[in-house]
Amino acid sequence: TNSDMKSYLEEWYSSNLRTFDSKIAITTFCNDVSYGSGEEDSSNSLLYGSIDRVYTNHKPSLECPDPYKKDNSELRTYGGVYKLKIGLINTDEMNMAGINYTNSSSTNATTENYLYHTYYWWNLSPNYANSSDAYVMQGFSGYRLSNNVTSGYDLLPVVNLRAGTQSTSGDGTSSSPLKIN
């Protein structure tokens, strides 16, 4: 079944980008639901794989773990790779783009980073879950944070252009975004 976020993104795409459909590629988006160390942390929360890779081990990856592979005695029938025209960025990609996990002012991205926004927004990666709550990663002012999924925040859609698509202007920065016809 579709999540509320996926339904919203697809409706937004249909309303705002359908005229550019021939220039937008169907690509893969990774919803990594693999477990991290398989251990619960001190608050009895189960950590997901992106936390181990990005925060603990500082080794983000563009490989998407197989959620159907049995680990920790639980077979998950959700998550994995989705082939779509529109999606969300994940934690590993955020890290590679310069958005860091901690709230330390020495590690946040600059305002020139295209992911820098002064409002909270969701990404695609689950962070952790406990007996009462589930948390997903999000971005805010150059940081990567975590918040309860019951919180309402913005989405920053991601699309990928087909090979050979040319821009008519712009250099890809936030002050001069690429424009296509």
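## Inside the fold

Guide: Let's start with the largest nonpolar core, which consists of 8 residues: L9, Y13, L17, I24, I86, L88, W122 and L155. A nonpolar core here is a set of buried Ala, Val, Leu, Ile, Met, Phe, Trp, Tyr and Cys residues joined through side-chain atoms within 4.5 Å. Leave out residues up to four places away in sequence, and L155 still touches M5, Y8, L9, L88 and W122, a contact being heavy atoms within 4.5 Å. Another core lies apart from that one, with 6 residues, including I89, M94, L115 and W121.

Some ground rules before going on. This is a predicted model, with local features needing pLDDT of at least 70 and side-chain atom pairs counting only at pLDDT 80 or more, while totals for chains, interfaces and linings use all residues. Residues are numbered from 1 along each chain as its sequence is written, and side-chain values use heavy atoms, with hydrogens and water left out.

Of its 181 residues, 34% are buried. "Buried" means under 20% relative accessible area, "exposed" over 50% and "partly exposed" in between, with a 1.4 Å probe and protein chains only. Among contacts with a separation of 6 or more, 61% are between residues 24 or more positions apart.

Now for helix α2, residues 49–56: it is largely enclosed by the rest of the structure, because 6 of its 8 residues are buried. Those are G49, S50, I51, D52, R53 and V54. Just after α2, H58 has a positive phi of about 55°.

R53 brings charge into the picture: its side chain meets that of D92 in a salt bridge (2.7 Å, N to O). The pair links distant parts of the chain, with R53 in helix α2 and D92 in helix α3, 39 residues apart. Both R53 and D92 are buried. The term "salt bridge" covers a side-chain nitrogen of Lys or Arg within 4 Å of a carboxyl oxygen of Asp or Glu, and the count by this rule is 5.

K85 and D21 make another, their closest N and O atoms being 3.2 Å apart. These two are 64 residues apart, K85 in the loop between β5 (80–84) and α3, D21 in the loop between α1 and β1 (24–25). K85 counts as buried because its relative accessibility is 16%, whereas D21, at 24%, is partly exposed. By contrast, E10 and K6 both sit in helix α1 (residues 4–16), 4 residues apart, so about one helical turn separates them. Their side chains form a salt bridge too (2.7 Å, N to O).
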